[in-house]
Amino acid sequence: MTATHWFLASLPVAALSVMLGGHWLGGGILLLLSVGRVLTLRSLPTLLVTGGLLLGFAGWFGWRQTQLAQRRLAVTALQPVTLQLRVQPDSPVIHGSGYTLVGQRPNGERLTVHGTLHSANELTQLRQLRRPTWWTVTGQASGLLPAPNFNQFDAARYWGNRGIVNTVKVTSATWRPAASRGLTWWADTWHGWRSSLIRYCEQLPGALRVYALGLFPGSRASEAPQELAGMQRLGLIHLFAISGLHVALVLTVAEWGLIQARLPREWWEWGLLAGLPGYAILAGGGSGVLRACWMRGLQLGGRRLNRPVSPLGAWTGAFLVGLAQNPGLVFELGSQLSYGLSLALILLKEETPRWRELGLTLLGLPSLLSGVFQWHSLTILANWVVVPLFPVLLLPLTVLGTLTGSRWPAITSGCAAGLAGIDDLLRRVAALPGNVAFGKPYWGIAVAWYLGTWWIWSRPPQQRRRWLVGLLVSYGLVFVGIHYPLHGEVAYFDVGQGDSILIRTPGNRRVTLIDVGRRLAFPQPAWAPVQPVTYGAEHTSVTYLKSRGITHINDIYLTHHDADHIGDLPALLAAFRVDCVWVSTGMAREAAWQRTVARYPGLRVHSLQVGVPASLMVHHPFAVMPADNAGSLALQGDFGGLNFLFMGDLDQAGEQKILAAQPHLRTDVLKLGHHGSKTATAANFVAQVRPRLAIISAGRHNRYGHPSPETLRTLQAANLPWVSTQQRGMIRYVYRGQHGTWQTKLNLKGES
């Protein structure tokens, strides 16, 4: 069998993984197409290999899913546990006074672990780990929570693809050294070296720290999103461990050095081959790193066995091994870019530079749009300029700065300054006009674009132009469909213990947010490492709005001053153009709010109370009052044939004021006040407004006990059905005209 035949035989396995990933129809179509292509070869060996691969991978995928399903705990029920876990020294990741790690039980099960450090001494001990340890962990275990909002990164799927389905929240933990015996010694040694490398790179200054951590141990610096914002926006982030490009360069340099040392080739090739698994551990074991190591290992092994392996054959072998290790490989952005771009480099090697660069861009575009929802028109130019500079400038600066370290601080600082200058230049370029906030295309369309691009490049160059026009037209049509949808929606985000609600009219003519959720900030002791400010909205509402192609918000209503309702405002103001922020008259007069507004010159802020005209009807407050729960805004609007009443955190006293002023007030959908607390949602209020559905926004396992049993009894007595973000995640009403449907992201109601 030729390398091409092996490659075609691997495609049905990829289609099978798509089916098992939940896309049965799309995966089935891809399976039929790929098997049909194999049949056209009229090669019995290829057909037999394809069948064997399908049967083998189907059995492996099925067995693996069964094992994970048997281990998976309920998400909503916390189980008290005391566990023994073996932890590699490079596993703990420190976030301020908190840490996360992956540990392995004696039975082989791996879990994610989240805990809190209680002293500077514990922090020092954790940072000094260089050997595996046994941890005795006491805490609460549960299944990993799937992404609670539409288009949010799904950590549960990510870890599930790696064989991890449960997590432990630690209340107490102790650790002691673990012995390395037999087969564990090799891996333990490399993990220890990686731990030392991470701690060393963490001491480097500025941008050098970000580059060194990303390229050598494959670790993510806390400031990486800010430092690499330009690369991210220009679509250059694949230069890091995502693509494995640096791995190929490092191995090439290693081979050159061994050749120059005049060592016998058979010696160092076998040694390099034996060391590749260890180097994969040292470099972080990401999808790009593993792909690059497997490809180089297959080619080295073939050379030593006198069975040369072509680049396409090595790619196919690495792809099949990758699927065996991670059945969800084809769904992850990093894997798509790593495997997709490396395949493109192999198959487009005979193309002219112009056609090759255009092909690489168009082949990566569906993945980028599906993963980050935007594309910069300068991406092609940036790739053309920066990619060649990577091996001759970016990587040498990083290597030189890392090697000099604290011994020659002037050189280290110079390298850091050079990398920072490049990052600043890329940020300036990324800020130029040309960024296209595309939105997230339907996954089937993205696959069609990818396959269609390959088909176009299979045509002679003189025939490609007209097909490229058709491809670009299809992008334009999808863009228009995303930005000017025929439907609108009212969506209640799952932001944990907080509120954030989106109202989007058809055609995105008006985009409104009611509250924005809470900033993810907790008091940190003085000894804890300083962490960049983070906002929960960056992973929930901001991500969702960008996936809808939204760049402009007309109105943001902030119901009152509590942090769980307004804490994420900076994230929204940074990500979108906002016309106006509406607050109660009392909140507008508060000194803390005025200081917030002062940080955003030009921000339009309007005060609200009953009688002030706005895009939503205001039912509370009636006069100037403190912007606490008692002074919360209560808002109402009609969308898709239903009437919605949004109560913020308004208490029962405020409800009675509304009833007294509007005895004939009615609604179809009632967002309960104060997360379902007993301080809100009086029985007579529910009886008068006569809702047909109640919505509760509250965090899972929150310390306040929301929603309260008293409130739920009130709803039950009124025969009022209710839906909570605790069990259903994001809740949205999608409508066209005067009719719509309700959708929820999760279904955790049946868990115990």
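**A walk through the predicted chain**

The accessible surface of the chain comes to about 34,200 Å², and 62% of that area belongs to carbon and sulfur atoms. The model is a predicted one, and every value given here was computed from it. Of the 752 residues of the chain, 51% count as buried. The C-alpha trace spans about 95 × 65 × 55 Å along its principal axes. In secondary structure the chain comes to 28 helices and 22 strands. Its radius of gyration is 28 Å, close to the 27 Å that the globule rule gives for 752 residues, so the chain is as compact as a globular protein of that length. Among the contacts with a separation of 6 or more, 70% are accounted for by residues 24 or more positions apart.

Some of the strands can be followed in pairs. Strand β6 (residues 164-177) pairs with strand β4 (residues 110-116) in the parallel sense over four bridges, and within this arrangement H114 stands opposite K169 in β6. Strand β5 (residues 133-143) is joined to β6 by eleven bridges, and these two strands run antiparallel; here T138 stands opposite S172 in β6.

Q65 and G160 are 95 residues apart in sequence, yet their C-alpha atoms are 9.3 Å apart in space. Q65 is partly exposed, with a relative accessible area of 44%.

Charged side chains come next. Side chains of opposite charge can pair when their charged atoms come close. With a salt bridge taken as a side-chain nitrogen of Lys or Arg within 4 Å of a carboxyl oxygen of Asp or Glu, the count comes to 17 salt bridges. One of them joins the side chains of R86 and D188, at 2.8 Å from N to O. This pair links distant parts of the chain, since R86 is in strand β1 (residues 79-87) and D188 is in helix α6 (residues 184-202), 102 residues apart. R86 has a relative accessible area of 18% and is buried, and D188, with 4%, is buried as well; the cut-off that places R86 in this class is 20%.

The salt bridge between E109 and R105 has an N to O distance of 3.2 Å. In this pair E109 counts as buried at 6% relative accessibility, whereas R105, at 28%, counts as partly exposed. The side chains of R692 and D668 also meet in a salt bridge, at 3.3 Å from N to O. Distant parts of the chain are linked here too, with R692 in the loop between α26 (683-689) and β19 (693-696) and D668 in the loop between α25 (652-661) and β18 (669-671), 24 residues apart. R692 is exposed, with a relative accessible area of 53%. Elsewhere, E269, R303 and R304 are linked in a network of salt bridges.

The surface also carries a nonpolar patch formed by L381, W384, V385, L389, V392 and L393, which together have about 560 Å² of accessible area. L381 lies in helix α16 (residues 379-404) and is partly exposed, with a relative accessible area of 48%.

By contrast, T681, in the loop between β18 and α26, is buried, with a relative accessible area of 3%. Leaving aside neighbours within four places in sequence, T681 is in contact with Q652, E655, L672, G673, V686, T711, T714 and L715.

The backbone deserves a last look. Most residues other than glycine have a negative phi, and most peptide bonds are trans. A cis peptide bond, with omega about 5°, joins H620 and P621, and P621 is found in the loop between β15 (617-620) and β16 (634-639). The peptide bond from H706 to P707 is cis too, with omega near -5°; P707 lies in the loop between β19 and α27 (709-717). As for phi, F373 has a positive value near 65° and lies in the loop between α15 (353-372) and β7 (375-376), where F373 counts as buried at 7% relative accessibility. N719, which is not a glycine, has a positive phi of about 55°. This residue, N719, is placed in the loop between α27 and β20 (722-724) and, at 70% relative accessibility, counts as exposed.

Conventions
Residues are numbered from 1 along each chain as its sequence is written. This is a predicted model: local features need pLDDT of at least 70, side-chain atom pairs count only at pLDDT 80 or more; totals for chains, interfaces and linings use all residues. Side-chain values use heavy atoms; hydrogens and water are left out. Buried means under 20% relative accessible area, exposed over 50%, partly exposed in between (1.4 Å probe, protein chains only). Patches are made of residues with over 30% relative accessible area and no salt bridge: like charges are joined within 9 Å, nonpolar side chains (Val, Leu, Ile, Met, Phe, Trp, Tyr) within 5 Å. Accessible areas come from the Shrake-Rupley method with a 1.4 Å probe; for residues, only the protein chains shown count as cover. The radius of gyration is taken over C-alpha atoms; the globule rule is 2.2 Å times the number of residues to the power 0.38. Contact means heavy atoms within 4.5 Å. Two strands pair if DSSP finds at least two bridges between them.
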